[in-house]
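Please open the structure in your viewer and keep the selection tool at hand.

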Amino acid sequence: MKKIYKISALLTALVFTSGCNKYLDINSNPAVPQVVKAEILLPPMQFQMANGTGQDYERAVSKLTQNMAGVVNDDVAYIWERQGYVGSSDVSGVMWRMTYYDLGINLENMIKDAVANQKWEYAGIGYAMKAWAYQTTTDAYGPIVLDEAFTPNQLTFHYQDQPVVYQRVREWVDQAIRYFNMTDPSPSPAASLAVLATGDNIYRGDKTKWKKFCYGLLALQYGHLVNKPNFPTALADSVTKYADLSFTSVSDDATIYFTASNVADANPFGVLNAPKLNSGWLSATGSQASYYGRQTTTILKMLTGGIKGTATPSPTTSLDPRFSRFLTPGTTAATTSPIYVGVTPGLFTPTNVPPILGQLATGTTVGYNGKYMFTDRARYPIMTYAELQFIKAEAQFIKSGATVAYPTYTNAIRATFDFYNTYGRTQATPDLVIAAADITAYMTSSEVAQSAATLTKSDIMQQKYIALWGWGGIETWCDLRKYHYDPLIYPNFSLPTSPSALPLSATNGGKMSYRLRPRYNSEYVWNLAELAKFGGDLSNYNTQEMWFSLTTP
């Protein structure tokens, strides 16, 4: 982490926001602002929540989780799919940058301004975003910079491990809720709800929904701790408690709005941001690279009979209505009966799997607008009702058994259909809504447990995998890691011992990946001595388990 983080507030505000003239009017020296208003800082930071996670999800995490893969075999592509990492590179370091730079001092200044001027909504949102950012960052990297993050005139920073970070996240959530419960002064400060309704690109200033978001963060956090000795007796109840205080329907989902008027106001998975996701990886003709963004055999199997049975090979249709809405048929398939194919992670076959993400039209490449939520105007999910219901169902299953968990499990699956119908139809020519009859046909099929007697933990976790596919990278990876990539839980995941013979990265020592490496250009260049305390200088650091997945209290 460098001192440059300290000047990020002005840079981000000037580049990404409107109303700059008014902002400059209140500062005698525009280069060193004396006043940084919360209203100006909020919108660009919410874009960075999507931008920071989106870049790392697609270029690294989606390969580790097998959400998506590539169709070219070289040292950049295969390392991630084989559970390794790219050495002196900042691929997978964007979330680190998001927390300490793109949000960073901007977020600290927003909270300070909000508290000083009694803008309680902004103060609550600030603490909620801070809790989310640090939770995401520690679940990706493990030990992170916490207390010393923004210490002036400091170039190296001490790390603190997950137990401390998890506790601090809970404290920030409590702070956020306290501010959301406070009554605005009369008369209200300049940052009125009318201003917040246009500047808050997640909930338009709705404090009730922001409070639900905070409770959802707590449910999510406790849901990571299934291996702790006290999970069945205490922590599982915390999951249920906070899930019940959180979202009650898809209308509560935390999603970031975009107008798609420019690259800084567009979904990171859409066409406008395609060059950013392909940073440095474009072909000689400038066309979309083939390193990632292709559907895998893992998701293909789950959507074609592989949850409780045997997946259909080379399918043309599926009883699961999400199948044709999420995925795209192979490029060589007959138009009368298109065949869906998926990349085998780590093996890069077959090669005719089309991209899911938006793609630029350049050279001889035909443009592609993307489908499902992978378009410029699509709202970017941060947390969903379906996600929280699956977390609750898992906790209920562990504590009380299938009878208690079963209604939550079926409700969670239905919520994934509601999610698609609400947020997943953003193409220029959108797919049809998923009709009630199609939902009923799937819910009564052999792919869904028809009673508590047939419900398994694998049923819950694989359906959750589908619900988060494409956007919920860190949460899906947390699930895979806390169950240690168990083939009994994830039978469709391509483990090294599976028939696909997936080879591991040579640096992994025969182990799967459990953490990302912190951002290279800040931590490995400036802070290596601190990293070494946690084994960050070792070639297999990425295989070391993190605290949340261990049985250690």
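Predicted model: local features only at pLDDT ≥ 70, side-chain atom pairs only at ≥ 80, totals over all residues.

How are H10 and H14 oriented to each other, roughly parallel or roughly antiparallel?

**First stop: H10 and H14**

Select residues 231-245 for helix H10 and residues 385-400 for helix H14. Their axes cross at roughly 150 degrees and come within 9 Å. Angles over 145 degrees count as roughly antiparallel, and H10 and H14 are therefore roughly antiparallel to each other. Their crossing is left-handed. To display the contact, show the side chains of H10, including Phe231, Pro232, Ala236, Val239 and Ala243. Coloured by class, the contact of H10 with H14 shows 9 nonpolar, 3 polar and 4 charged residues.

**Second stop: H7 and H9**

Next, select helix H7, residues 162-180, together with helix H9, residues 207-223. H7 and H9 pack at an angle of about 165 degrees, and their axes lie 10 Å apart. That angle makes H7 roughly antiparallel to H9. Here too the crossing is left-handed. On the H7 side, display Tyr166, Val169, Arg170, Val173, Ala176, Ile177 and Phe180. Among the H9 residues that meet them are Trp210, Cys214, Tyr215, Leu217, Leu218 and Tyr222. The contact of H7 with H9 comprises 12 nonpolar residues, 1 polar residue and 3 charged residues.

Now select residues 38-64, which form helix H3, and residues 94-116, which form helix H5. The axes of H3 and H5 are 9 Å apart, and the packing angle is about 165 degrees. H3 and H5 are therefore roughly antiparallel to each other, with a left-handed crossing. Their contact contains 13 nonpolar, 7 polar and 5 charged residues.

How many cavities of 30 Å³ or more does a search of the whole structure find? The search finds 5. The largest cavity holds about 220 Å³ of space. To centre the view there, select Tyr57, Trp132, Thr136, Leu220 and Ile382, which lie nearest the centre of the cavity among its 18 lining residues. Which elements give two or more residues to this lining? They are H3, helix H6 (120-141), H9, strand E6 (380-383) and helix H18 (473-482). Colouring the lining of the largest cavity by class gives 10 nonpolar, 5 polar and 3 charged residues.

Definitions and conventions. Residues numbered from 1 in each chain as written. Heavy atoms only, no water. Axes fitted to C-alpha atoms, helices over the stretch in contact; angles between N-to-C directions. Helix = DSSP H or I, 4+ residues; strand = E, 2+ residues; numbered from the N terminus. Parallel < 35°, antiparallel > 145°, perpendicular 65-115°, else oblique. Left-handed = near helix turned anticlockwise from the far one by under 90°. Nonpolar A, V, L, I, M, F, W, Y, C, P; charged D, E, K, R; others polar. 1 Å grid on protein atoms, 1.4 Å probe; cavity = no way out; pocket = protein on both sides within 12 Å on 5 of 7 lines; lining within 4 Å. Points joined across faces, edges and corners; volume = space filled by probe spheres on them. Contact = heavy atoms within 4.5 Å.
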